[in-house]
Amino acid sequence: MEESEQKQGAFRWSGNLGFIMASAGAAVGMGNLWRFPMLAGQGGGGAFVLIYLVCIAAFGIPMLIAEISLGRRGRKDAFESYRSISPKWGAVGILAIVTSLVGLAYYTVLGGWVLHYILASVTGLTAPETDAAAHFSAFTADAGQQALYYVAYMAITLGIVMAGVAKGIEKACKVMLPLLFLFLVAMAVRSCTLPGASEGLEFYLKPDFSKLTPGVWLSALGQVFFSLSVGAGAGITYGSYLDKKASIPRNAAIVAGFDTLAALLAGFAILPAVFSAGLTPEIGPGLMFIVLPEVFQTMPGGAAFSLLFFVLVLFASVTTTIAFLEVVVSFVVRTCRVERKKASLLCAGLATLLGIPCAFSFGMWSGATLFGKTLFDLADYTVSNICLPISAILTCIFIGWVWKPKNAVEEATSGGLYFRRLAKPWSLWVKYAMPLLIFFIFLSSTGILG
């Protein structure tokens, strides 16, 4: 039986702008702020950026269209969206939900670090005598602080999701996303005007086509999928709240555009500053929590810019974690028939039980490994290298062979749009090319191809 009108109203954006802001917020995360600039610098600078833009247009947008269309078609959670079309395929939705739950569990560890660094920026992180590496090691090894900041960050995410779709998620993203871009622009301007910034700009933008190996192409394509969280159920869940009159192709393009703009601005905000300070950038969270604090120590007004930067990162991370939590909550509310507040508490509590051990894996449980990885690294690897690509592959197969592309096109164009002209190539692309290419990424990321 269909949900009542009153209950359906709890699963709606107030307008198209709300969907765009929430979806863009889900896409823009910490990976935009450290991983993209590093990949660009290592993969040929401007040449990598060009490849990334091609991959966004050719793979990211088509995949977003597919997921959003699937969600809006039945106005259900990720599990029911698949099962309502074919009962045998409900497991794909469960995979997406589990992916979001595990993603929330370990991503919140980093979110807790951001909260700490916001406070530390005010209390002396940028003092010249502070050893950024020693500070980071001591903090991450302190189990009490890890638990405290983890719970505090989870409480922020929980509070937003508990408030509902329009009054919580949408309202929060409408505030945080514009501020995020405003802060990014401010950081980029300051970074590019520092003495010696030109070396960082050259590292970032100078095209070096000699570095365009097949591995670089795979890196660009992998960054597109993982940045957009394709396969985690966010597109399906947020799409289920979208009005039937909204243009899915246009919205998908706008969301991908916001995600790309954030990544490009991050390069201008981070790399010139790193090179200006005479430091070498490195891939990973270490760039944010060790290298950049050292950069801020050398900058005039470094304390203010340190605070600005970590508030920026907080906005980027929160808009992502609320999407992770909402995917799981939507399933519990709609399929398990649990009231939102109780479902939110239940899901956040479960994620915390999974995530606290990940937080301890940098200190008291650093020796606890599985398959040669700490608990945090194992969760990250499982989500990024296994769950997301497998879920994306299965979604393409489901769209192409079970639901059928013509039905997806019908849903995507229900608002009336010229996308019908591209329906045939999009259908062939999703049905044949994309699952094969994502499978290739999966083999590469797991080391099977060497």
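Four cavities of 30 Å³ or more turn up in a search of the whole structure. A cavity is a set of points, on a 1 Å grid over the protein atoms alone, where a 1.4 Å probe fits but cannot get out. Volume is the space filled by probe spheres set on the points, which are joined across faces, edges and corners. The model is predicted: local features need pLDDT of at least 70, side-chain atom pairs count only at pLDDT 80 or more, and totals for chains, interfaces and linings use all residues. Residues are numbered from 1 along each chain as its sequence is written, and side-chain values use heavy atoms, without hydrogens and water.

The largest cavity has a volume of about 100 Å³. Its lining includes Ser-23, Glu-67, Tyr-238 and Val-255. H2, helix H4 (46-74) and helix H12 (234-239) each give two or more residues to that lining.

The largest pocket holds about 970 Å³ of space. A pocket is an open set with protein on both sides within 12 Å along at least five of seven lines; lining residues have an atom within 4 Å of a point. Of its 40 lining residues, Trp-34, Arg-35, Phe-226, Asp-380 and Ser-384 lie nearest the centre. Elements giving two or more residues include helix H3 (30-42), helix H6 (90-123) and helix H17 (375-403). H17 gives the most, with eight residues.

Definitions and conventions: Helices (H or I, at least four residues) and strands (E, at least two) are DSSP runs, numbered from the N terminus.
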